[in-house]
Each structure stands twice: as C-alpha cells, then as structure tokens.
Amino acid sequence: APEIRLRLTGSFAEAQRELSELQSRIRQALDSGEGASVMERFALEGFYAYGQADYAAAANAWGKLRTLLEQSYPGAESARRAKDFRFLDYEKIAQDHVGEAKRLAELKTLFEEGMRLFQEKHFTRALEEFRKLAIRDPEYPQLGYYLVQAEAASERERTQRLGEEKRVAIDRALMAGVAALEKEQLQEAETDF
C-alpha cells in the first residue's frame with residue numbers, strides 16, 4: 001500500500017480526506033485480492049481495521065501476519081521482515097486499545113453484578129462487588145453513590161440481624177427461667193431471668 005504522509009500544516013478536513021482515500025484504496029485492494037500475498041493481505045486487513053477503529057480485528061490480523069512471518073523466516077529475519085510491513089507501532093497501539101476495552105468490560109461486569117445484587121436487596125454481597133470495583137477504579141461513574149447506599153443498607157441488615165439474634169437469646173433465657181421456676185429451681189431461674 002502506498003504510504004501517505006499527512007502534512008502537519010494541512011487542515012483537518014484535508015487530513016480526513018487523505019485518510020478516507022487511503023481506506024478506500026485498502027478496501028479495494030482487499031476486495032480485488034489481486035497480486036497480494038497472504039502476508040500482505042493480513043497487513044492490509046490490519047490497517048483497514050485500524051482505520052475503522054476496530055482494534056481487536058487489527059490486532060488479530062497482525063497477529064496472524066506475525067505468526068506467518070515466524071513460521072516462514074527464522075529468528076532475526078522474521079523481525080526484519082515484520083519491520084518491512086510497517087505495522088509494529090500500530091499493532092502496539094491496537095493491543096493497548098484491546099487491553100483497555102477488556103479492562104473496561106471487566107469493570108462494567110463488576111458494576112452490573114453489584115447493581116443486580118443491590119436491586120435484589122443482597123446489600124452485603126453488593127457492597128463486596130462495589131468495593132472490588134472501587135479498588136480497580138475509584139472514579140467509576142455512579143460507583144460512589146451505590147457504594148454509600150450499599151454500605152448503609154448492609155449496616156442496617158447487620159444491625160437488624162444482631163437485634164434479631166439478641167431478641168431470640170432473650171426469649172430463650174426467659175423461657176428457660178420460666179421452666180426453671182416451674183421446676184422450683186430458683187437459683188437457675190434467677191440466673192436465667
């Protein structure tokens with residue numbers, strides 16, 4: 001593919017036009033399939049996908065090209081040939097985008113799981129998910145609000161549970177005291193009461 005260098009002094013519209021023209025030429029070369037080796041096709045597929053901001057597809061195409069180069073050329077020759085295709089810097093950028101997209105998807109999954117648990121009123125478990133998210137990205141949108149809400153609801157649950165446990169313990173002691181009193185075991189009844 002011909003290399004087009006954008007002039008830094010040119011306008012944004014001009015740069016967009018040149019990029020669009022380059023994308024059209026790459027698409028035509030891919031569609032025609034004429035005269036391109038398998039390696040060149042993978043390189044072009046990578047550049048076309050990169051131009052479309054489909055970084056996963058670009059990284060995938062260049063990964064296939066890299067594999068073919070490694071299988072076809074031994075050691076340093078493979079690296080030299082890879083430089084000839086001029087994709088290495090772009091591959092790194094594409095891989096960074098793919099990694100960031102994966103990270104964001106994982107954060108979204110944590111938030112959605114926390115929200116599901118929160119809506120189902122499993123506040124303590126929701127709080128755990130929100131805390132995991134807060135460790136990974138404390139600035140996640142809406143996290144602060146739901147973290148505070150889940151923490152407050154979890155504390156209410158804990159207080160209610162402890163209150164219930166205490167009430168049950170008091171009822172048991174009262175019933176044990178009454179039973180001891182009926183058996184005329186006054187010392188035990190006094191301890192229970």
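The crossing of helices α1 and α2 is left-handed, meaning that the near helix is turned anticlockwise from the far one by less than a right angle (clockwise would be right-handed). This is a predicted model, in which local features need pLDDT of at least 70, side-chain atom pairs count only at pLDDT 80 or more, and totals for chains, interfaces and linings use all residues. Residues are numbered from 1 along each chain as its sequence is written, and side-chain values use heavy atoms, with hydrogens and water left out.

**Helix pairs**

Helices are DSSP runs (H or I, at least four residues), numbered from the N terminus. Axes are lines fitted to C-alpha atoms over the stretch in contact, and angles run from 0 to 180 degrees between N-to-C directions.

| Helix pair | Angle | Axis separation |
|---|---|---|
| α1 (residues 12-32) and α2 (residues 38-51) | about 140 degrees | 10 Å |
| α3 (residues 55-72) and α4 (residues 75-85) | about 140 degrees | 9 Å |

From α1, Gln23, Ile26, Arg27, Ala29 and Leu30 meet Arg41, Leu44, Glu45, Phe47, Tyr48 and Gly51 of α2. Contact means heavy atoms within 4.5 Å. By class, the contact of α1 with α2 has six nonpolar, two polar and three charged residues. Here Ala, Val, Leu, Ile, Met, Phe, Trp, Tyr, Cys and Pro count as nonpolar, Asp, Glu, Lys and Arg as charged, and the others, Gly among them, as polar.

The crossing of α3 and α4 is right-handed. Leu65, Leu69 and Glu70 of α3 meet Ser78, Arg81, Ala82 and Phe85 of α4. The contact of α3 with α4 has four nonpolar, one polar and two charged residues.

**Nonpolar cores**

A nonpolar core is a set of buried Ala, Val, Leu, Ile, Met, Phe, Trp, Tyr and Cys residues joined through side-chain atoms within 4.5 Å. Buried means under 20% relative accessible area, exposed over 50%, partly exposed in between (1.4 Å probe, protein chains only).

The largest nonpolar core has 17 residues. Those with the most contacts inside it are Phe111, Phe118, Phe130, Leu133, Tyr140, Leu143 and Tyr146. Two or more residues each come from α5 (88-119), α6 (123-136) and α7 (143-182). The largest share, six residues, is from α5. Apart from this core lies another, of 13 residues, including Ala43, Ala59, Ala82 and Phe87.

Tyr146 touches Phe111, Met115, Phe118 and Phe130, not counting residues up to four places away in sequence.

**Alanine 43**

Ala43 sits in helix α2. Ala43 is buried, with a relative accessible area of 5%. Leaving aside neighbours within four places in sequence, Ala43 is in contact with Trp62, Leu65 and Phe85. The C-alpha atoms of Ala43 and Arg86 are separated by 8.6 Å, though these residues are 43 residues apart along the chain.
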